Amino acid sequence: MEPALSQLEKLTAAETHRLDRAIVAISVNPELGTSVPETLLRDYVDDVDGVRVIYYVPALRPTVVSDERTFSAGQTFAWS
C-alpha cells in the first residue's frame, strides 16, 4: 500500500483528473476495456486523456490493478 500512496502523491492535479475520468468511465461501463487473453483482466485506453488502466471486474464492481499513463511512458502505478 505504501508504494501506491507515494506514487499517487507524485501525480499532478491534471494527471489525477485524467485518471479519475478514466476510472469513472470504467465504473459506469466495466466492459469498456478489451479482454487480456488468458486472464480475467481488461485493458482500457483513453487516447484523448492519455490514460491506460488495467483492471478486473469482480461481482460487485471494477477493481483497478494498475495504471500506465501513456503521457509519461515507462511509469507504472500499481494499487494493492
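The secondary structure of this predicted model comes to two helices and five strands. Along the sequence, these elements follow the pattern α-α-β-β-β-β-β. The protein has 80 residues, and buried residues make up 28% of them. The accessible surface comes to about 5,300 Å². Carbon and sulfur atoms account for 58% of that surface. Contacts were also sorted by separation along the sequence. Among contacts between residues at least 6 apart, 28% join residues at least 24 apart.

Helix 2 covers residues 13-28. The expected span is 1.5 Å times one less than the number of residues. Helix 2 has 16 residues, so it should span 22 Å. The C-alpha atoms at its ends are 22 Å apart, which agrees with that expectation.

Four residues of helix 2 are buried: E15, L19, A22 and I26. They lie on the same side of the helix, because they cover an arc of only 60 degrees around the axis. The other side of helix 2 carries the exposed residues A13 and V28.

The strands come next. Strand 1 spans residues 34-35, and strand 2 spans residues 41-46. The two run antiparallel and are joined by two bridges. In one of these pairings, T34 has D43 of strand 2 as its bridge partner. Strands 1 and 2 form a hairpin, with five residues between them. Within the turn, E38 has a positive phi of about 65 degrees.

Strand 2 also pairs with strand 3, which spans residues 51-56. Six bridges join strand 2 to strand 3, and the two run antiparallel. V45 stands opposite R52 of strand 3. These two strands form a hairpin as well, here with four residues between them. The turn includes G50, which has a positive phi of about 70 degrees.

In soluble globular proteins, nonpolar side chains tend to be buried together. The largest nonpolar core of this model has eight residues: L11, L19, A22, I26, Y44, V51, V53 and Y55. Helix 2 and strand 3 are the elements that give two or more residues to this core. L19, A22 and I26 belong to the core and are also among the buried residues of helix 2.

Notes. Residues numbered from 1 in each chain as written. Heavy atoms only, no water. Core = buried A, V, L, I, M, F, W, Y, C linked by side-chain atoms within 4.5 Å. Buried < 20%, exposed > 50% of the residue type's maximum accessible area, 1.4 Å probe, protein only. Pairing = 2+ DSSP bridges. Contact = heavy atoms within 4.5 Å. Areas by Shrake-Rupley, 256 points an atom, 1.4 Å probe, with all protein chains shown as cover. Arc of directions from axis to C-beta.
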